[in-house]
Each structure stands twice: as C-alpha cells, then as structure tokens.
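Here is a quick tour of side-chain contacts, written for someone who likes the cut-offs spelled out. Have the structure open as you read.

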Amino acid sequence: VAVYPAMSSPTPGAANSAPRVGPIVLSEILYRPSSNSVEFVEIHAPTSGVVQLYDPAAPTNAWKLTGGLSYTFPLGSVLTGGQYAVIAGCDPAEFRASNSVPGSVQVFGPFEGRLSSDGDRVRLRRPAPPEPTGFVPMVVIDEVEYDDVAPWPAAGSIGGRSIERVDASLYGNDPANWRAGLPNGN
C-alpha cells in the first residue's frame with residue numbers, strides 16, 4: 001500500500017522535504033495485550049502550546065482515530081505541549097485504575113474495534129474545514145501501519161508488550177522510529 005504523507009514544506013521542482021510531523025503524534029501502541037490487559041493507543045503533543053482536538057471554527061467536528069479501531073474525541077478535548085493521552089479499549093476509569101495512570105494523563109475511550117496482532121493501521125485525523133455540501137474531510141496528522149515482522153520491532157508472542165515511538169520529531173510510519181517495549185500507558 002502506497003503512503004503519501006503531507007510534506008513539511010512545498011518543494012516544487014526540487015527533492016521532497018521530510019514528512020510533516022505533529023502537532024500530535026502516535027507515541028505507543030499496545031496491539032498485543034496480555035490476557036489481563038487492554039489494547040490502547042497513546043498520543044503525545046511534543047510541541048508547546050495547546051492543540052484543540054476539534055475544528056475551532058466548527059467545534060462539533062472532532063479529531064478521530066481510525067484504522068483497526070475507531071474513536072472520535074469528545075467535544076472540547078485539548079492536549080497541551082508535552083502532554084500525553086491514552087485512548088483505551090475499555091472504560092477510561094477502569095483503564096486508569098488497572099494501569100495506575102497518573103491524573104496528569106488524560107484517558108479517553110473506549111474505542112470501537114480491535115487492533116490485529118498480525119499488523120494493522122492506526123491513523124490520527126483532524127477535520128478540515130467543511131465543504132459547501134457539508135462533507136467534512138479528515139486530514140491524516142499521523143499514521144502507523146505496523147507489522148509483527150521485520151523491519152517492525154517484535155511486540156512479543158506472549159502478549160503484554162507494545163511498540164513505542166523512538167523520536168516524536170521523526171516520521172511515525174517508519175519502522176526504524178519504533179522499538180518494542182513494555183506498555184506504559186502514560
């Protein structure tokens with residue numbers, strides 16, 4: 001599947017610039033949970049300032065996670081610079097309690113669907129301005145099409161492991177920018 005990410009700057013007649021990153025990135029994905037854990041996706045705001053997870057000009061048009069799962073952020077949701085948030089596959093209060101997630105980390109959920117242990121796609125999308133017809137296009141802000149084979153890091157066959165982004169300033173859909181890790185959820 002071909003992927004055409006937005007570029008960080010226009011380069012007509014020249015080599016392409018690097019892919020655009022942020023203002024929110026996918027930072028951890030638990031797609032192979034252990035029998036007593038729940039899938040989640042962690043997002044991070046690596047820059048300063050406040051990122052509204054909705055269109056300020058049309059506040060009912062919210063950001064979404066799509067791919068193997070589906071989630072629409074609640075109206076009025078924001079992330080501030082440096083902040084992390086978790087989108088869990090279960091009730092947020094239950095997830096927070098069972099994973100000892102600090103109060104400073106927002107927990108959203110539950111999302112619909114299930115991530116495949118054999119590889120899947122997770123996309124973070126923001127709404128573009130509505131078209132005259134009322135259709136609201138969704139712009140991909142970050143995406144990861146992970147796999148359970150090289151060059152992607154192995155999340156472990158026994159479960160309970162995740163993949164973690166190595167550098168929030170680099171393109172997210174590059175296997176070299178991910179490592180296997182124990183799920184943090186914060």
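Phe73 is buried, at 2% relative accessible area; "buried" here is under 20% relative accessible area, "exposed" is over 50%, and "partly exposed" sits in between (1.4 Å probe, protein chains only). This is a predicted model, where local features need pLDDT of at least 70 and side-chain atom pairs count only at pLDDT 80 or more, while totals for chains, interfaces and linings use all residues. Residues are numbered from 1 along each chain as its sequence is written, and side-chain values use heavy atoms, with hydrogens and water left out.

A search of the whole structure turns up 5 aromatic pairs. The rule: rings of Phe, Tyr and Trp (its six-membered ring) pair if their centres lie within 6.5 Å, with planes under 30 degrees apart called stacked, over 60 edge-to-face and the rest tilted. Tyr71 and Phe73 have ring centres 5.3 Å apart and planes at 85°, so they go down as edge-to-face. Tyr71 also pairs with Phe108, and that one is tilted: 6.4 Å between centres, 50° between planes. With Tyr71 in strand 7 (residues 69-72) and Phe108 in strand 10 (residues 106-108), the pair ties together parts 37 residues apart in sequence. Strands (E, at least two residues) are DSSP runs, numbered from the N terminus.

Put together, Tyr71, Phe73 and Phe108 make one aromatic cluster. Tyr71 is buried at 9%, and Phe108 is buried at 7%.

Arg121 sits in strand 12 (residues 119-127) and Glu145 in strand 13 (residues 138-147), 24 residues apart. Arg121 is buried at 19%, whereas Glu145 is partly exposed at 27%.

Another bridge runs from Glu143 to Arg123, with the closest N and O atoms 2.9 Å apart. It again links strand 13 (Glu143) to strand 12 (Arg123), across 20 residues, and both partners are buried. Arg121, Arg123, Glu143 and Glu145 are linked in a salt-bridge network.

## A link to strand 14

Which residue does Arg165 meet in a salt bridge? The partner is Asp142, at 2.6 Å, N to O. Arg165 is in strand 14 (residues 161-165) and Asp142 in strand 13, so this pair ties together parts 23 residues apart in sequence. Arg165 is buried at 8%, and Asp142 is buried at 5%.

Terms used
Helix = DSSP H or I, 4+ residues; strand = E, 2+ residues; numbered from the N terminus. Salt bridge = Lys/Arg side-chain N within 4 Å of Asp/Glu carboxyl O.
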